[in-house]
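This briefing is meant for a reader who is meeting the structure for the first time. Please look over the sequence and the model before reading on.

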Amino acid sequence: MRLRGESGGRRPRLGAVGLLAAALLAGCTNTPPPPVVSTPVAEESTPPGKTPSQIVIGVDDIVGGYNPHNLADSSTVTSALSELLLPSVFRPAENGTPQLDENLMESAEVISGSAQVSSDMPFVVAYDIRPDASWSDGAPIAAEDFAYLANAMKEEPGVVDPAGYRLISDIQSREGGKRVEVTFTKPYPGWKTLFSGLLPQHLFKDAPGGWRAALEGGFPAYGGPFSIKTLDRDRGEIILERNERWWEKPAAVDRLVLRRADQAGAAAALRSGTVQFSLSRTDSTGLALLGQLGESVQLHTVAKPRLASVLLRPSGPELADDRVRGAIAALLDRNKLIDEGANGGSSAALRADSLLTPPSVAGYRPTIPGGGPPATPDPAKAGELLANAGYTRDAGTWRDSSGRQLSLVVASPGQQEPYATIAKELTSQLVAAGVDVRMISPQPRELFSNLLAQPTADGTATPPVDGGVGVDIAVVPQAVSTDPVLTLASEFGCRPTQPGTTPTTPVLPPNPAAFCDQGLQSGIESALTGIGPQGEVVETTESQLWQRNVVIPLFQLSDTLAVSKGVSGVTPGPPLTGPFGNAVNWTRGTN
C-alpha cells in the first residue's frame with residue numbers, strides 16, 4: 001500500500017485567499033522538523049498578571065510512552081493525552097456509536113462498493129478534511145498522516161486493532177492532501193473505526209527510532225484543543241494549555257494539570273480541593289478511602305478497552321503442543337489470578353468470561369466453558385494431558401522422555417500492575433505443580449516490539465538472534481472493543497499472506513499470542529468483511545478458541561473516576577473511552 005499523488009478529483013474549493021493560505025502552509029512543511037524526543041513549550045495563553053483558571057486531575061502516573069496505538073503504551077495518561085492532543089476522524093457518541101468529528105472532517109463516506117454486500121466494484125471510502133485543520137507547527141493535517149498511520153498499523157507488531165487496516169490496499173491524495181481516498185481489498189463494514197489518533201507524518205517518517213520511538217517522551221506537534229506546556233516526569237506532572245492554533249471552540253479553562261498521586265494522596269487532595277477529580281486504578285483500600293469522602297465526591301467505574309489476559313503462546317517448542325497448553329490451563333487457578341490482580345478494586349466486578357466481548361458493554365454474556373479448565377483448575381486432567389504428550393512426573397517435576405524438565409518463560413511488561421502481581425502468582429502455581437518457570441520483566445516496548453514479535457515459520461518462533469529468550473506465557477493487556485468481530489480478527493486472525501512467502505518463510509506473528517489457524521481464518525475474514533453471518537461466525541469461532549487454550553482472559557481493566565463538587569461537566573464518557581473527550585466544556589464550579 002502506498003500513498004499516491006493527485007490525479008484529478010473534484011474541482012478545488014479554495015479561492016485565491018485559500019490558495020495563498022494553502023501555499024503558506026505547504027511552505028511550512030519544508031522547514032526542518034523539531035526533534036521527536038522533546039515536547040515543545042506552548043505559547044503562553046493567559047495574559048500576564050492574570051491567574052489562569054485550571055483543573056487539576058489526579059492520575060496513577062505520567063510515565064511514557066504515549067502512543068495510543070501501541071499496547072506497550074497502554075495507560076490512563078496515554079488515553080487522556082490522545083483525546084486532548086490528537087485528531088480523529090470519528091469519535092464515539094455517548095452510546096458508543098462512531099460519530100464524525102466535524103472539528104476535523106467535512107465528510108467521510110463510501111464512494112464505491114458496498115459495506116453490506118459483496119460487490120465486483122472496489123470498496124473505496126473518501127475522507128474530506130477541513131481546509132483549516134493543521135498541526136500546531138503549521139503543517140496541514142492531510143492524506144500523508146492517514147497513510148503513515150495505516151502503514152504502521154499494518155506492519156508494526158503490538159498495535160491495537162490492526163485488522164481493518166490490513167484490508168487497505170491503496171491510499172490516494174487529492175485536493176492538496178485534503179481529500180483522502182482509501183481503497184480496501186474487500187468490503188469493510190467497520191471502516192468508521194479507522195484513523196483515530198492521527199500522528200504527524202512529516203515529523204515521524206524520518207525520525208530516529210521511527211514508529212517505535214514515536215511519542216516515547218512527548219509530543220512534537222498537536223492537532224487537538226490542547227497543547228503541552230510542561231511534561232515533568234520527575235515531578236510527576238503534565239501541564240496542558242489551550243492550543244493557540246486550534247481552529248474550533250476553545251477550552252473553557254486555561255489549563256489542565258495531570259498530577260501523579262497514589263491512592264491515599266488522591267483521596268487527601270480531593271478532600272482538600274487541590275485536585276478537582278481523579279482517574280486511577282484502585283484496589284479495595286483505594287475504594288474505601290474514596291468512599292469516606294461521602295457525597296462531596298461522585299464515584300464512577302470507567303472501564304477500559306483492555307483485558308488483563310494470560311497468553312499461552314503456541315510459538316515455542318513446548319506450548320506448540322495443544323495437549324501441553326491444555327495441561328497448563330488446567331493447572332492454573334484462574335479465580336486466584338483474578339483475585340490477586342483485581343485486589344478488590346473496581347475491576348473485581350468485571351470478570352472477563354468471554355474472549356471477544358468485554359463485561360462492561362451491552363450484550364455481554366459469559367462464553368467460558370463451565371465445569372472445568374480454564375474456569376476451574378483440574379490437576380488430574382493436567383496430568384493426563386502431559387502424560388499423553390510424553391511427560392512423566394519424577395520427584396515432583398515434569399520431564400519428557402529425554403529427562404528434560406518442562407520449562408517455561410513467563411513475561412510481564414516491566415513492573416506494571418496488575419500484570420506483575422498476576423505473573424508472580426501464576427509462576428507460583430506452576431512451580432508448585434512441578435513446572436520449571438523463569439519469570440522475566442522486560443520493559444513494555446521491548447516485550448511487545450521484540451520478544452512477542454519473534455518471527456515464526458511453520459507456526460514456531462525462530463530463535464532470537466541476540467541471544468534473548470522466547471516467551472511462552474505472557475501476562476499482558478489485550479485489546480478489546482465494542483465490536484466482537486474486530487476483536488476476533490485483530491487478536492486471533494492471521495496476517496494477509498504476502499506474495500512469495502512459504503510456510504517456512506519467517507514472518508511476524510499476527511498478534512501478541514502468536515496464534516494463526518488457517519482453518520479458522522476464512523470464517524474470521526467473512527465476518528470482518530460482512531460477507532458471512534457475523535453472529536454465527538463469532539459464536540462458533542469463540543467456542544473453538546476456548547478449546548485451543550491460547551488466551552485465558554481474567555478481568556477488564558478499569559479506573560475509578562472520583563469527581564468533586566469543584567468542577568462541572570466531567571462525566572464517565574462513552575463506553576471504553578473515558579471522560580477526556582469533553583474536556584473543552586469543563587469548568588470550575590459547582591458540579
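Which residues in α13 meet which residues in α15? In this predicted model, Pro-484, Val-485, Leu-488 and Phe-492 are the residues of α13 that meet Gln-534, Val-538, Thr-541 and Leu-545 in α15.

**Helices α13 and α15**
- The residues of the contact between α13 and α15 comprise six nonpolar and two polar ones, with no charged residue among them.
- Helix α13 spans residues 484-492 and helix α15 spans residues 534-548, and their axes come within 10 Å and cross at roughly 40 degrees.
- The two helices are therefore oblique to each other, and α13 passes α15 in a left-handed crossing.

**Nonpolar cores**
- The largest nonpolar core holds 112 residues, of which Tyr-127, Phe-184, Phe-195, Leu-240 and Leu-256 touch the most other members.
- Helix α3, residues 143-155, gives the most to this core, contributing eight residues.
- Apart from this core lies another one of 36 residues, including Leu-331, Ile-338, Ala-382 and Leu-406.
- Leaving aside residues up to four places away in sequence, Tyr-127 touches a set of residues that includes Val-89, Met-105, Phe-146, Trp-191 and Phe-195, together with Lys-178 and Arg-179.

**Lys-336**
- Lys-336 is found in helix α9, which covers residues 334-342, and is partly exposed, with a relative accessible area of 34%.
- Not counting residues up to four places away in sequence, Lys-336 touches Glu-425 and Gln-429.
- Although Lys-336 and Leu-426 are 90 residues apart in sequence, their C-alpha atoms are 9.0 Å apart in space.

Definitions and conventions:
Residues are numbered from 1 along each chain as its sequence is written. This is a predicted model: local features need pLDDT of at least 70, side-chain atom pairs count only at pLDDT 80 or more; totals for chains, interfaces and linings use all residues. Side-chain values use heavy atoms; hydrogens and water are left out. A nonpolar core is a set of buried Ala, Val, Leu, Ile, Met, Phe, Trp, Tyr and Cys residues joined through side-chain atoms within 4.5 Å. Buried means under 20% relative accessible area, exposed over 50%, partly exposed in between (1.4 Å probe, protein chains only). Helices (H or I, at least four residues) and strands (E, at least two) are DSSP runs, numbered from the N terminus. Contact means heavy atoms within 4.5 Å. Axes are lines fitted to C-alpha atoms, for helices over the stretch in contact, and angles run from 0 to 180 degrees between N-to-C directions. Angles under 35 degrees count as roughly parallel, over 145 as roughly antiparallel, 65 to 115 as roughly perpendicular and the rest as oblique. A crossing is left-handed if the near helix is turned anticlockwise from the far one by less than a right angle, and right-handed if clockwise. Ala, Val, Leu, Ile, Met, Phe, Trp, Tyr, Cys and Pro count as nonpolar, Asp, Glu, Lys and Arg as charged, and the others, Gly among them, as polar.
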